[in-house]
Amino acid sequence: MVEVGGSKNDSVAIMAGALLVPGKTVLHNVPHIRDVFTLMEIFRHLGVKTDFRPDGALEIDATRLTTSEAPHDLVRKMRASFNVLGVLLSRFGHASVAMPGGCDIGARPVNFHVKGLEQLGCRLHLEHGIYTGEVRRFRGANIVLEFPSAGATQHLMIAACRASGKTIIENAAAEPEIIDLADFLNACGAHIYGAGTASICIEGVEELHPTEFTVIPDRLQAGTFALAAAITGGDITIRNAVQDHCRPVLAKMRDCNIEVTSVEEGYRVRRVGKIGATDIKTMPHPGFPTDMQQPFAALLTLADGVSMITETVYESRFRYTTELARMGADIRVEDRTAVIHGVDRLTGAPVTCTDLRGGAAVVVAGLAAEGQTEISGLEHLDRGYEGIVPKLQSLGANVTRTPIH
Ligand code: EPU
């Protein structure tokens with residue numbers, strides 16, 4: 001049995017939302033991971049008091065912000081930090097925030113965020129990698145996203161909360177984290193309707209008030225544990241996982257002879273027979289999540305047959321495949337498709353985490369590989385997986401973390 005922690009992508013979005021709220025917000029189930037710590041550091045630079053309480057809850061007291069300039073070096077470390085731009089504009093009427101960083105999985109521009117904020121009435125200016133903006137007060141607008149971007153949907157939802165009038169975001173992202181962010185903001189007094197559909201309506205309010213809120217479990221962490229069980233022929237129960245959030249991944253696992261059954265507060269994963277081959281195409285939610293194609297590819301390296309993974313969300317999210325190849329995987333990438341011929345065995349090798357989910361792929365593969373796998377670049381895993389080593393150990397995996405001196 002393994003328990004899944006709170007969602008990284010939900011936590012960092014809700015934390016940005018909390019910055020909009022004067023007063024003390026209390027968030028439960030926020031994971032202790034690097035991206036959360038980086039965002040807390042950014043908040044402290046803005047004058048916000050934030051800390052984990054002894055009971056594990058995260059407190060954010062954004063009663064008073066002292067500056068509208070986010071520390072550029074910290075913002076560049078992660079993607080979700082860019083959401084503070086909309087918040088600072090909403091609270092100060094001006095802001096200065098650098099282009100964000102995050103995993104190296106493609107170009108990752110911020111043009112949808114910028115265009116949407118401008119449609120809400122703000123003037124933005126990019127110079128030396130830093131966006132500077134001004135707005136008297138955001139005003140409601142009809143925004144049509146070119147692609148259902150999770151980040152842009154979250155950013156614009158947050159920015160529109162205190163706008164004058166009504167904002168509609170069309171072609172919005174529909175991930176569980178979007179619904180949860182709307183639930184959080186509504187608990188703070190916002191008026192958001194339609195989150196989880198392609199059209200979200202935000203009726204602006206004058207002010208938000210603090211609340212206490214619990215972040216949803218991490219569906220990507222749950223999926224990673226499910227794949228770890230599948231590749232090793234295990235039989236595990238994943239507690240605190242919401243099956244509905246994991247549906248696209250679990251459906252594909254069933255295609256591969258992995259049995260998934262509901263149990264109280266989660267689901268049980270068990271392999272029945274040989275790993276079947278399958279084809280995957282990543283899509284915005286509720287399609288197959290781009291964040292899961294990497295650990296799923298690890299499973300398919302040992303499948304009985306040929307599988308194809310087509311990545312449609314990011315242009316270069318296959319760097320991890322060279323690491324799997326070091327372990328004996330037969331995997332070739334052509335353009336946006338990886339073709340995987342299942343092999344009988346993987347063998348342990350020195351490999352690197354190329355990015356967060358690429359790290360999950362080599363961990364999953366390493367669990368099934370014969371002999372020892374040595375994984376470097378753990379700083380990527382630390383951005384998103386809380387306590388992955390003890391959790392895998394508790395499932396019976398032979399895995400240790402060696403401190404680097
Ligand atoms: N895009 C643009 N312009 C924009 C925004 C996005 O062209 O202004 C493109 C991106 O380049 C990408 C696509 O739209 O090709 C989708 O990007 P999206 O905005 O949905 O991604 P994100 O919000 O930057 C979040 C997660 C990612 C996850 C994606 C897709 C966070 C902090 N990050 O990123 O998570 O892959 O949604 O679901 O929420 C991860 O957890 O490993 C991770 C990278």
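## Layout

This is a predicted model. The domain assignment of the protein chain gives two parts: domain 1 (2-214) and domain 2 (219-394). Their C-alpha centres lie 30 Å apart. To the contact between them, domain 1 gives 25 residues and domain 2 gives 30 residues.

## The ligand site

At least three of its residues come from domain 1 (2-214), and at least three from domain 2 (219-394). There are 22 residues around the ligand. Those that come nearest are Asn111, Ser149, Gly151, Asp291 and Val313.

What is the make-up of the shell by class? It has 10 nonpolar, 6 polar and 6 charged residues.

Several helices take part. Helix H1 (8-18), helix H5 (111-119), helix H6 (150-160) and helix H12 (356-368) each supply at least two residues of the shell. H5 gives the most, with 3 residues.

| Protein residue | Protein atom | Distance to a ligand oxygen atom |
|---|---|---|
| Phenylalanine 112 | Backbone N or O | 2.8 Å |
| Alanine 150 | Backbone N or O | 2.7 Å |

Taken alone, the ligand exposes 820 Å². The protein buries 91% of that area.

Why is helix H4 (residues 84-92) described as largely enclosed by the rest of the structure? The reason is burial: 7 of its 9 residues are buried. These are Val84, Leu85, Gly86, Val87, Leu88, Leu89 and Ser90. Just after H4 comes glycine 93, with a positive phi of about 85°.

The buried residues are Gln293, Gln294, Pro295, Phe296, Ala297, Ala298, Leu299 and Leu300.

Is lysine 8 buried or exposed? Lysine 8 is buried, because its relative accessible area is 9%, and the cut-off for buried is under 20%. Lysine 8 is found in helix H1. Leaving aside neighbours within four places in sequence, lysine 8 is in contact with Pro31, Ile33, Asp35, Asp218, Leu356, Arg357, Arg383 and Gly384. Among these partners are two aspartates, Asp35 and Asp218.

Lysine 49 sits in strand S3 (residues 49-52). Its relative accessible area is 61%. Exposed means over 50%, so lysine 49 counts as exposed. Not counting residues up to four places away in sequence, lysine 49 touches Glu59, Ile60 and Asp61.

How far is lysine 49 from arginine 317, in sequence and in space? The two are 268 residues apart in sequence. From C-alpha to C-alpha, they are 36 Å apart.

## Backbone details

Most residues other than glycine have a negative phi, and most peptide bonds are trans. The following sites depart from that pattern.

Asparagine 171 has a positive phi near 55°. This residue lies in the loop between strand S9 (166-170) and helix H7 (176-187). Asparagine 171 is partly exposed, with a relative accessible area of 30%.

Asparagine 257 also has a positive phi, of about 70°, although it is not a glycine. Its loop runs between helix H9 (247-255) and strand S14 (258-263). Asparagine 257 is partly exposed as well, with a relative accessible area of 33%.

Where is the cis peptide bond? It joins histidine 285 and proline 286, with omega of about 10°.

Key
Residues are numbered from 1 along each chain as its sequence is written. This is a predicted model: local features need pLDDT of at least 70, side-chain atom pairs count only at pLDDT 80 or more; totals for chains, interfaces and linings use all residues. Side-chain values use heavy atoms; hydrogens and water are left out. A residue is near a molecule or strand if one of its heavy atoms lies within 4 Å of it. A polar contact is a pair of N or O atoms within 3.5 Å; within protein, one must be able to donate a hydrogen and the other to accept it, and residues adjacent in sequence count only if both atoms are side-chain atoms. Accessible areas come from the Shrake-Rupley method with a 1.4 Å probe; for residues, only the protein chains shown count as cover. Helices (H or I, at least four residues) and strands (E, at least two) are DSSP runs, numbered from the N terminus. Ala, Val, Leu, Ile, Met, Phe, Trp, Tyr, Cys and Pro count as nonpolar, Asp, Glu, Lys and Arg as charged, and the others, Gly among them, as polar. Domain bounds come from an automatic or database domain assignment. Buried means under 20% relative accessible area, exposed over 50%, partly exposed in between (1.4 Å probe, protein chains only). Contact means heavy atoms within 4.5 Å.
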